[in-house]
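Trainee: I have a model open and would like to talk it through with you. Could we go through the sheets, then the cavities and a few single residues?

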Amino acid sequence: MNIILLRKEELSAGNFSFIKTDERFSHIKKVLKLGVGAAFKAGIIDGEKGMAEIISFSDALLTARFTAAENTDRKDGGSGLPPIRLILGFPRPIQLRRILRDVAGLGIEALYLTGTELGEKSYLQADIAAETEIERLLIDGCSQAGDTHIPKVYRAYSVRHFFERYGDTIRPEHLRAALDVPFQLEQEHNSNSHNQRNDTRIEVGIERNASNTCNECNDIERAGTLRLPAMYPLPQLPWDGRQTLWLAVGNERGWSLNERLLFAKKQFAAYTIGQRILRTETAVTSAIAVCLAVSGVWNTGNTEPRLTVTADPR
């Protein structure tokens with residue numbers, strides 16, 4: 001923990017207390033090794049950062065007083081989270097635990113957990129899917145990152161259900177990207193070819209227009225042809241870090257053909273981070289990191305200029 005996070009309701013006249021079974025009590029006692037009069041970084045979940053001074057500390061109870069910092073880097077009153085809205089195919093529970101911590105640590109605005117055609121339906125009923133457990137892991141990730149704002153979490157039973165429930169929140173000016181692996185398209189085509197009519201074929205390579213959408217996405221099935229979008233390297237994503245970015249990442253089995261076509265119809269451009277098949281948690285973390293890097297969100301304003309190499313004039 002690089003900051004101790006509190007719920008607003010835990011404060012009473014600026015004071016708060018932790019009992020000995022609280023993980024935060026143990027961290028302050030055993031890791032930070034603080035005593036009465038010592039101070040540590042603290043913050044209100046989805047609120048202010050500040051410092052907390054220990055007033056009393058026994059073997060059973062810690063009491064401290066929270067003081068919010070006078071200056072804040074969020075002058076607009078917003079969350080300060082990068083406007084990334086992650087659509088995630090519900091992964092295996094052990095993967096989801098890692099992902100929740102990582103996305104909270106990296107910083108995204110919202111997470112949409114979505115059932116998929118190729119995913120295990122039982123994952124949606126796993127203990128990790130409980131709201132309290134999801135919140136705990138998100139708070140853990142924020143504590144590690146030293147931040148107070150956690151992503152909002154939403155759910156859908158399928159990709160189609162996602163668009164039915166949340167499609168209206170995707171505005172025309174929003175950027176949309178669906179992460180995929182190039183050879184999976186061909187692989188799925190080959191494996192399913194015996195189930196398709198003789199007059200149906202799959203084509204890959206719809207061009208992207210200036211607004212980063214597919215020219216023919218509104219008419220995916222035309223004259224017996226299923227049209228899939230061309231794929232682009234994720235580092236080419238034209239995101240400036242200010243407009244909302246919808247980023248779709250599948251679970252370990254990837255997106256089905258129907259889901260790929262649906263994303264294309266909803267004007268999600270297809271992107272890839274290489275030929276390798278990655279674990280879901282690796283793909284999610286890598287994709288978000290690439291998006292944040294290319295957007296300039298990580299620029300601090302005091303970065304040293306890059307070293308340029310010129311040819312030897314001799």
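Trainee: To start, how many bridges pair E13 with strand E15, and in which sense?

Mentor: E13 and strand E15, residues 269-272, pair in the parallel sense over three bridges. Two strands count as paired if DSSP finds at least two bridges between them, and the strands themselves are DSSP runs of E with at least two residues, while helices are runs of H or I with at least four, numbered from the N terminus. Within this pairing, Pro233 has Thr272 of E15 as its bridge partner. Before we go on, please keep in mind that this is a predicted model, in which local features need pLDDT of at least 70 and side-chain atom pairs count only at pLDDT 80 or more, whereas totals for chains, interfaces and linings use all residues. Residues are numbered from 1 along each chain as its sequence is written, and side-chain values use heavy atoms, with hydrogens and water left out.

Trainee: What sheet do those two strands belong to, and in what order do the strands run?

Mentor: The sheet is an open one of seven strands, ordered E8-E7-E6-E14-E9-E15-E13, with parallel pairing. Its edge strands are E8 (152-156) and E13 (231-233), each of which pairs on one side only. From one strand to the next the twist averages 25 degrees, where axes are lines fitted to C-alpha atoms, for helices over the stretch in contact, and angles run from 0 to 180 degrees between N-to-C directions.

Trainee: And E7, is that strand mostly covered or open?

Mentor: Strand E7, residues 110-114, is mostly covered, since five of its five residues are buried, buried meaning under 20% relative accessible area, exposed over 50% and partly exposed in between, with a 1.4 Å probe and protein chains only. Ala110, Tyr112 and Thr114 point one way from E7, while Leu111 and Leu113 point the other way.

Trainee: How do E3 and E4 run, and what stands opposite Lys41?

Mentor: Strand E3 (residues 39-44) and strand E4 (residues 49-57) run antiparallel and are joined by five bridges, with Lys41 standing opposite Met51 in E4. Their hairpin has four residues between the strands, and in it Asp46 takes a positive phi near 60 degrees. E4 goes on to pair with strand E5, residues 61-68, in the antiparallel sense over seven bridges, and E4 and E5 form a hairpin with three residues between them.

Trainee: Where else is there a positive phi, say at Ala13?

Mentor: Ala13 has a positive phi of about 55 degrees although it is not a glycine, and Ala13 is found in the loop between strand E1 (4-6) and strand E2 (15-19). At 71% relative accessibility, Ala13 counts as exposed. Gln267 has a positive phi too, near 65 degrees, and lies in the loop between helix H6 (257-265) and E15.

Trainee: Changing topic, how many cavities are there?

Mentor: The structure holds four cavities of 30 Å³ or more, a cavity being a set of points, on a 1 Å grid over the protein atoms alone, where a 1.4 Å probe fits but cannot get out, and lining residues having an atom within 4 Å of a point. Of the 19 residues lining the largest cavity, Val181, Gly250, Asn251, Leu278 and Ala283 are the closest to its centre.

Trainee: Last one: how far apart are the C-alpha atoms of Pro235 and Cys291?

Mentor: They are separated by 7.2 Å, although the two residues are 56 residues apart along the chain. Pro235 sits in the loop between E13 and strand E14 (245-249), and at 53% relative accessibility Pro235 counts as exposed.

Definitions and conventions. 1 Å grid on protein atoms, 1.4 Å probe; cavity = no way out; pocket = protein on both sides within 12 Å on 5 of 7 lines; lining within 4 Å. Points joined across faces, edges and corners; volume = space filled by probe spheres on them.
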